[in-house]
Structure formats: C-alpha cells, structure tokens
Amino acid sequence: MKLTPENGYYKRILKIASPAIAGLSVQVIVSLVDAAMVGRVENPEYALAAMGLGFLATWAIVSFFSSLATGTQVLVSHRFGKKAYDECGFVLSNSIFIGFFIGLLTAFAGAYFAYDIANFFAKDLIVGNLAGEYFQYRILGIPFFLITVSYRGYFFGIGNTKVFMFSGILVNVLNIFFNYVLIYGGFGIEPMGVAGAGLGSTLATILDAVFYFSVSLHPSFKKTYRLYKRFRVDLGILKSIYKISLPVAFQSVFILLGFLSFVAVSGLIGITEQAATQAIISILFMSFLPCYGFGIAAQTLVGNSMGQGKILLARIYGYETAKIATYYTLFLALIFLSVPQYLLLIITTDQKIISAATYAMRVAGFAQIFYAMGIVLANALQACGKTTYVMLAEVIANLLIFVPVSYFFGIYLELGIVGAWLGLPVYVLIYSASIFLKFKYGKLSLA
C-alpha cells in the first residue's frame, strides 16, 4: 500500500496534527504571559525568581501526570478503530476518576508542604516564601488539570484535536484576565503579586475543565460515545491506563533530569555559556512543538489502525507522519544553520550570549533534523503499548550517552560550549535510530 496525497492519508494526518500544533503553541504563551506580568510588579527580581521556582516545581508534577493523556489516548484510539464507541466513553469515565483522585492527593500534599519545598530550593527567604505562595495556589488546580488531561487523551483518541486547540485559546484568554486582576488588583480585589499568578492560572484551569465537560455534552459526542451513561470503576481499564502511562511519566522525568544535567555541565564552562545554553534550549523547545503535534497524529492514527487489526496501515501512518515532520525540521535546520543569531534575538539582545550561542545553535539545528523521526515514531510505538521500550531508549540515549558525551567534549577536551552541544546530535541519532529499528522490525500489537 503506497501512501500518497491523492488517496487522502496525508490530508488525514494534517487534519489531526494542525490543530494539535496550534494548541501546543498556544500553551507556550501561558508561561510567557505569567513571566511578563510578574516582571512588572514591585521588586521584580524577587518575584521572577520566586515564580521561576514555583513554576518548575509545578511543571515537574504536571509533566509526570500528563502521561495520563497517553494512556487514555491509546486505549480510546484502539476502541475507536474497532468502532466500539461506547467503550471510548467508558475509558474516559475511568480516566477522569483516576485523574481526579490522584489530583486531590497531589494537591493536598503539595499545598501542605508548599513552603517547605520552596524554601528548600531557594537560597533567599523572601524568594522562598513568595515561591511557596505561588506553588500553593498553583497546585490546587492539579485535580482539574488532570480532568482536562483525561479529556485531551479522549479527544485525541477519536481524532478530534480541534477541541484541544480551542481549549488552549480559552485558557490563554482566561489566564491573562485572571492574572491581570489578581496580580495588580482590580474589581475590588487587592493586588496579590506572585501569588495572584498562581491563583489566576488555577482559576483558568478550573474553567478549562468546565469547557471540556460542556463540549462533551454535545449530542455528537454524548450520544455516539454514550458518555457518562455507564460510570463504574473498571480495574482492568485502570490497570491498562497505569501500565501505558507510568513509563511515559518516568520518561518525562528522565528528559528533565538529562537536560538539567546538561545545563549544569554548561555552567562548568562559564556563566555566559550557561545562559547561552538556556537560550538555545528555549528556542529548541518552541521549534519542537510541531513535532509533538505530528506525534499526537501518529499516536491516534496508528492506534486506530491497530484497533482495526491493520498492522501494515499502522506502520505506513507512522512512517509517513515522520516523513512530513522531517520536512519541517529540514526547513527549520536551514534557518538554524544560516541565521542563528536572529533566532537568538527572540530570547535575548545580549551580544555576549548571542556570540557564545551562535555556533552551538548550528549544531542544534543539525541535530533536530533527525529528532522529528524519533518523536513521531516514539508516539507510534506508544500507541502499540511499547511505552517501556521508549522510556528505556530515552534513559540510555539521554542520561547515559548525551550528558557524559557533552561533559567529555565540553569539559574534558576543553572544546567549550560547542563541544558540549556536540552531545546533542549523538543523543538524537542514537535515540531516533533505536526507535526507528523497533518500529520497523519489532512486533506491533495492541496495548
């Protein structure tokens, strides 16, 4: 079977990927808006430092539990492929139950220990207390965030990514409004500063959960998928969600640890080099977003095909989605290689940082050509239940190869920041090759 634009497969890939990319891109704006608003309060250096700590603590928890979306999406996509639509709704109900339950436990523990956690990482008492306020308010939104994660996985599984896109736009608008009122004060509310940023984001998250629930009540979803008709806890479904999601959760942790270690290595070279590394990572994060959107499309389409028992079609969707994503990274690599200094202006105008980062940006640009294939086919493997393999590939390529190689070139051979960044293409090539070989030669089966 040859996948061509004429037979409609490319159209289906882009139909799912495009709204997902838009939704992911909009999400980036939330953190930028928070930082921009907090950076304009009194004593901004304390406020920004505090919000940075609080945001990282929240982000670590959010990244870990966001894997619930993967487990939900994989199970729903299989049932959607089988046309077992009522089973899709049953998976969603169980996902919401486990997500909200875990969220309540996390919110209670996080709020109780918020100040202890913040002051453990903060050297300054003022920064620690401000970070504790932010984190305490922000963590209260976790139960509702996990509800949105369950809905996200459900809608991804049935191939509807537009709801996610509209959700992202809504959250941004609400986040800007609540943050403005709560940070600076308004409508009779006293200014809350950094704490207002945390509470504003939580309120936006709660209303986002309400939005997803409202959309799910539309007859086109409620009737077809029999949503909320048969709500009971099914231990088999909960076990399947757990089995698929947990390795993805730990993979997120390992990615975070790997890049934090890499940033630490760059700090051994110099402060300017560490700042340059942070700038490059920020740009890479933005450039990778479309790849994750294509990954969502691959996970849905491969999962649907597996549910139909069409193994060959599942492989084709994986390969061709990876191909489209690679066209994008090839185009982006040309920009990284030719005008890296202009991309760096997005993050900073400091010429010392730009000068230090320029050649390393070219190395990063070359590396990301191959990362698209790794991201997309990793999602495709997750749709087949191979989440443990994908996690292990990440651990080996990231923590055991990327970080040591970066240290060897950058510190031991004294090649500086460019030498440290040479570890990135090594990591990407090994990771993507291991994922490709598993997808090409491994046995694909339902999760």
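Tutor: We begin with helices and strands: helices (H or I, at least four residues) and strands (E, at least two) are DSSP runs, numbered from the N terminus. In this structure T321 is found in helix α12, residues 311–338. The model is a predicted one, in which local features need pLDDT of at least 70 and side-chain atom pairs count only at pLDDT 80 or more, while totals for chains, interfaces and linings use all residues. Residues are numbered from 1 along each chain as its sequence is written, and side-chain values use heavy atoms, with hydrogens and water left out.

Student: How many helices and strands does the protein chain have?

Tutor: The protein chain has 17 helices and zero strands.

Student: How is burial read, and is T321 buried or exposed?

Tutor: Buried means under 20% relative accessible area, exposed means over 50%, and partly exposed lies in between (1.4 Å probe, protein chains only). T321 counts as buried because its relative accessibility is 0%. Across the protein chain, buried residues make up 53% of the 447 residues.

Student: With which residues is T321 in contact, leaving aside its neighbours within four places in sequence?

Tutor: Contact means heavy atoms within 4.5 Å. With those neighbours left aside, T321 is in contact with I13, F294, A298 and V376. For the protein chain, among contacts with a separation of 6 or more, 80% are between residues 24 or more positions apart.

Student: What can be said of S93 in these terms?

Tutor: S93 is found in helix α4 and counts as buried, because its relative accessibility is 4%. Apart from neighbours within four places in sequence, S93 is in contact with Y228 and F231. S93 and I147 are 54 residues apart in sequence, and their C-alpha atoms are 10.0 Å apart in space.

Student: How far apart are L400 and G258 in sequence and in space?

Tutor: L400 and G258 are separated by 142 residues in sequence and by 8.9 Å in space, C-alpha to C-alpha. L400 has its place in helix α15, residues 387–412, and counts as exposed because its relative accessibility is 57%.

Student: Where do E320 and K323 stand relative to each other in helix α12, and is E320 buried or exposed?

Tutor: E320 and K323 are separated by about one helical turn, because they are three residues apart in helix α12. E320 counts as buried at 9% relative accessibility, whereas K323 counts as partly exposed at 30%.

Student: Which residues gather in the patch of positive charge?

Tutor: K11, R12, K15 and K162 gather in that patch on the surface. Helix α1, residues 9–38, gives the most to the positive patch, with three residues. K11 lies in helix α1 and is exposed, with a relative accessible area of 66%.

Student: Which residues make the nonpolar surface patch?

Tutor: Accessible areas come from the Shrake-Rupley method with a 1.4 Å probe; for residues, only the protein chains shown count as cover. The nonpolar surface patch, about 700 Å², is made by L268, Y407, F408, Y412, L413, L415 and L422. Its largest share, three residues, comes from α15. F408 has its place in helix α15 and counts as partly exposed at 38% relative accessibility.

How values were computed: Patch = residues over 30% accessible without salt bridge, like charges linked within 9 Å, V, L, I, M, F, W, Y side chains within 5 Å. Salt bridge = Lys/Arg side-chain N within 4 Å of Asp/Glu carboxyl O. Lys, Arg positive; Asp, Glu negative; His and termini not counted. Charge placed at Lys NZ, Arg CZ, Asp CG, Glu CD.
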